[in-house]
Amino acid sequence: MEFVFNYDFLIRISMALALGFLLGLERELTNKYAGLRTHILVCLGACIFTIISVYGFPSYAEGDNVILNQATGIRDTGRVAAQVVSGIGFIGAGAVLRNGSMIIGLTTAATLWISAAIGMTCGVGMYELAILATLSSVAVLTLVRIFERKILPVGIKRNKRYRLKIYCDNNKVNEINEALYSVVDNVEDFSSKKLIENPEKSKITSAFELSRKRTMNEVYKKLTSICEPDSITLQELND
């Protein structure tokens with residue numbers, strides 16, 4: 001059988017790659033757990049599965065060696081694509097993390113979900129809808145963040161959440177604990193563990209919330225007055 005290259009499929013796959021890149025770029029630039037590669041692959045995979053679902057198995061009439069709908073005698077072309085919708089939940093669930101009462105990664109999980117939807121849209125050749133969905137998603141991720149930070153009143157804004165890691169002398173642990181509670185709004189957890197390689201040193205880990213009225217600079221100045229700056233690591237946990 002002569003192989004005929006289908007340029008239409010190439011266009012669909014290229015669109016999925018490009019739009020997955022745009023969606024993943026926002027997550028990559030904001031330093032989230034699932035970035036460029038994850039979103040591109042999700043979008044591409046959803047596109048390929050949709051192409052297979054629609055074009056991979058010919059819609060023959062009853063009597064041919066295919067699975068048919070018993071009521072209509074027509075093969076259901078959406079069965080494979082339907083499994084993408086449920087299957088993407090496993091990847092999305094992996095992006096959601098819980099630390100005490102804090103849950104992070106929900107927005108990233110949602111972008112993976114919409115990335116799969118965009119890939120499926122490219123797979124059926126609905127390019128206008130795919131582009132519109134991508135632009136809308138990027139707008140929501142960027143413009144709504146600006147709206148939350150610049151326009152919403154301070155009183156109804158969510159607190160920022162951070163993870164803290166400090167290496168310090170054992171005799172500094174209580175001092176750091178007291179200092180942290182004095183400058184942050186809600187300490188979710190605080191733990192210290194002596195280092196095996198150096199029993200005189202401890203590793204402190206903590207997660208806390210910080211209201212919009214306070215700045216990270218206040219926390220950093222307080223902690224660096226106790227420990228060396230290069231022993232302190234702070235990471236924002238907000239979606």
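**Group meeting: helix packing and a nonpolar core**

Okay, let's start with a crossing: α3 passes α4 in a right-handed way. By right-handed I mean the near helix is turned clockwise from the far one by less than a right angle, and left-handed would be anticlockwise. Helices here are DSSP runs of H or I with at least four residues, strands are E runs of at least two, and both are numbered from the N terminus.

Quick housekeeping. This is a predicted model, so local features need pLDDT of at least 70 and side-chain atom pairs count only at pLDDT 80 or more, while totals for chains, interfaces and linings use all residues. Residues are numbered from 1 along each chain as its sequence is written, and side-chain values use heavy atoms, with hydrogens and water left out.

Back to that pair. The α3 and α4 axes sit 8 Å apart, at an angle of about 155°. The axes are lines fitted to C-alpha atoms, for helices over the stretch in contact, and angles run from 0 to 180 degrees between N-to-C directions. So α3 and α4 are roughly antiparallel; that label takes angles over 145, with under 35 roughly parallel, 65 to 115 roughly perpendicular and the rest oblique.

Who touches whom? From α3 we have Ala81, Val84, Val85, Ile88, Ile91, Gly92 and Ala95, and they meet Thr108, Ala109, Leu112, Trp113, Ala116 and Met120 in α4. Contact means heavy atoms within 4.5 Å. By class, this contact of α3 with α4 has 11 nonpolar residues, 2 polar ones and no charged ones. Nonpolar is Ala, Val, Leu, Ile, Met, Phe, Trp, Tyr, Cys and Pro; charged is Asp, Glu, Lys and Arg; the others, Gly among them, are polar.

Have a look at alanine 95 in helix α3. It counts as buried because its relative accessibility is 9%; the cut-offs are under 20% relative accessible area for buried, over 50% for exposed, and partly exposed in between, with a 1.4 Å probe and protein chains only. Alanine 95 is 63 residues from lysine 32 in sequence, yet their C-alphas are 9.3 Å apart.

Now the other partner of α4. Helix α1 (residues 7–29) and helix α4 (residues 106–123) have axes that come within 9 Å and cross at roughly 165°. That makes α1 roughly antiparallel to α4. The crossing of α1 past α4 is right-handed. On the α1 side are Arg12, Met15, Ala16, Leu19, Leu23 and Arg27, meeting α4 residues that include Thr107, Ile114, Ile118 and Cys122. The class count for α1 with α4 is 7 nonpolar, 5 polar and 2 charged residues.

With 29% relative accessibility, glycine 78 counts as partly exposed. Its C-alpha is 6.1 Å from that of serine 53, which is 25 residues away in sequence.

Next, the core. The largest nonpolar core has 20 residues, and those with the most contacts inside it are Ile166, Ile176, Val184, Phe208 and Val219. Such a core is a set of buried Ala, Val, Leu, Ile, Met, Phe, Trp, Tyr and Cys residues joined through side-chain atoms within 4.5 Å. β3 (160–169), α6 (173–183), β5 (201–210) and α7 (216–224) each supply at least two of its residues, and α6 gives the largest share, 5 residues.

Last, the whole chain: 7 helices and 6 strands, with 34% of its 239 residues buried.
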